[in-house]
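Work through the exercises below with the sequence and the structure side by side, and try each task before reading its solution.

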Amino acid sequence: MKTKFIEEVEKIQKNLSSEIKNIINYFLTHETIEKPHIIKILSLQKDEEDRNYIFKIANLIRKYYTGDFINIKGVIEFSNYCKKNCFYCGLRAKNPLIKRYRMSPDEIIQTANEAFHYGLDTIILQSGEDDLYTDEDLVNIISEIRKNTRLPVSLSIGERSFSSYRKFRKAGAVRALLKHETINRKIFENIHPDKNYENRIELLRYMNNLGYVTGSGNIIGLPNQTLEDIADDIIFMRDENIHMIGMGPFIPAKNTPLEHFSAGNAELTLNAYAATRLCIPRVQMPTTTALGTISQNLQYQGFFAGCNVIMVNITPDKYRKNYNIYDNKIKVEFYQTYKKIIELGFSPSPLTQKRMKEEINVSK
Ligand code: 5AD
Ligand code: SF4
């Protein structure tokens with residue numbers, strides 16, 4: 001299989017600039033790339049030939065290193081209460097304009113059942129940092145969902161204690177997401193009033209040690225962020241053995257301290273996907289809703305830049321419209337996404353395909 005991969009790479013390599021050729025050759029011998037390579041990829045402009053080639057290589061690496069399926073994961077945004085005040089986020093505690101909601105454990109479990117019938121690959125339980133759900137509540141929710149659907153459950157609930165994460169792991173949660181947002185300490189502290197830089201990194205390491213498939217990620221286009229900072233984020237995630245990476249452009253959110261800053265660059269976000277695929281070839285990497293909010297087409301372009309995951313939103317509509325991390329957040333809907341993946345020439349996972357076939361047979 002690998003020889004075919006190298007053959008295909010060599011075919012593409014013919015017309016490349018020597019700098020890009022060197023990056024690809026480095027990848028072929030090391031199965032990763034280094035910071036200067038990443039910065040070069042990040043700086044490629046939209047109409048450059050070299051950029052097309054790097055995207056093609058990223059796409060090939062996705063194909064040969066990750067099993068050549070696009071995983072569709074379902075997100076349940078079960079509470080938009082948050083005790084934190086991240087400067088960029090619409091859900092911050094000090095934003096009085098958000099209509100707050102909490103789903104009951106039963107509602108969450110019911111919603112997760114839908115994931116089963118779609119054949120989603122993972123159920124992501126996402127919320128602001130909301131202590132009203134006790135560890136026991138979450139343990140029950142996780143074990144019920146595991147019992148009913150047998151699907152992997154992923155937690156995206158912010159910084160809870162180390163011991164909570166230990167309990168959730170035991171209850172059957174197998175994945176956990178905690179974005180480091182930026183590894184540049186100064187930028188981090190500028191946008192996080194509780195300046196909890198170290199705790200987050202320690203918690204990420206702890207999750208990894210507990211055996212979670214661990215996810216992290218960063219925001220592209222934060223105030224004062226350079227390409228070097230973004231390269232540092234990617235290298236950090238490689239060196240910490242992060243398995244899943246969510247990277248999205250910054251989108252200004254009304255009524256937050258960063259509301260008048262400009263949005264992150266969507267094309268740069270695509271470059272970051274490609275660079276990440278070359279740096280961490282086996283990583284699970286969604287093309288993000290934040291990118292889709294700038295342009296849905298660009299979110300689909302993420303698949304051609306090395307992404308192999310997309311998250312669809314299965315939160316009941318009456319709640320979903322209030323989960324406004326940023327303004328005009330789009331709804332990534334299951335059927336539309338499934339169809340688009342096939343239309344673009346990619347394959348959803350065998351599980352998703354199987355359930356969709358069953359559904360067609362039932363409706364015949
Ligand atoms: N723009 C882009 N991403 C954001 N997030 C929060 N606010 C924004 C924003 N304004 C992302 C962060 C956080 C997750 C909840 O959403 O990465 O981890
Ligand atoms: Fe809360 Fe997360 Fe938003 Fe920060 S980014 S305010 S922790 S929901």
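A nonpolar core is a set of buried Ala, Val, Leu, Ile, Met, Phe, Trp, Tyr and Cys residues joined through side-chain atoms within 4.5 Å. The structure used here is a predicted model.

**Exercise 1.** State how many residues the largest nonpolar core has, and find which residues have the most contacts inside it.

*Solution.* The largest nonpolar core has 109 residues, and Leu125 and Leu278 are those with the most contacts inside it. Taking Leu125 as the example and leaving aside its neighbours within four places in sequence, one finds it in contact with residues including Ile76, Phe78, Ile108, Ile141, Ile142 and Ile145. Val153, Ser154, Leu155, Ser156 and Ile157 are also among the contacts of Leu125. In soluble globular proteins, nonpolar side chains tend to be buried together.

**Exercise 2.** Decide whether Asp135 is buried or exposed, and identify the side chains with which its own side chain makes polar contacts.

*Solution.* First place the residue: Asp135 is in helix 6, which comprises residues 135–149. Asp135 has a relative accessible area of 11%, and because buried means under 20%, it is classed as buried. Next, inspect the side chain of Asp135, which makes a polar contact with the side chain of Ser164 at 3.0 Å and another with the side chain of Lys167 at 3.1 Å. Finally, setting aside neighbours within four places in sequence, the residues in contact with Asp135 are Arg160, Ser164, Lys167 and Phe168.

**Exercise 3.** Decide whether Leu97 is buried or exposed, and find where it is placed.

*Solution.* Leu97 is in the loop between strand 1 (71–79) and helix 5 (105–118). Its relative accessible area is 67%, and since exposed means over 50%, Leu97 counts as exposed. For a comparison, turn to Ile41, which is one of the buried residues of helix 3 (residues 35–42); the C-alpha atoms of Leu97 and Ile41 are separated by 40 Å, with the two residues 56 apart along the chain. The buried residues of helix 3 pack against helix 2 (18–30), helix 4 (49–66), helix 10 (227–239) and helix 11 (266–279).

Note on methods
Residues are numbered from 1 along each chain as its sequence is written. Chains are lettered from A and ligands numbered from 1 in the order in which they are written. This is a predicted model: local features need pLDDT of at least 70, side-chain atom pairs count only at pLDDT 80 or more; totals for chains, interfaces and linings use all residues. Side-chain values use heavy atoms; hydrogens and water are left out. Buried means under 20% relative accessible area, exposed over 50%, partly exposed in between (1.4 Å probe, protein chains only). Helices (H or I, at least four residues) and strands (E, at least two) are DSSP runs, numbered from the N terminus. Contact means heavy atoms within 4.5 Å. A polar contact is a pair of N or O atoms within 3.5 Å; within protein, one must be able to donate a hydrogen and the other to accept it, and residues adjacent in sequence count only if both atoms are side-chain atoms.
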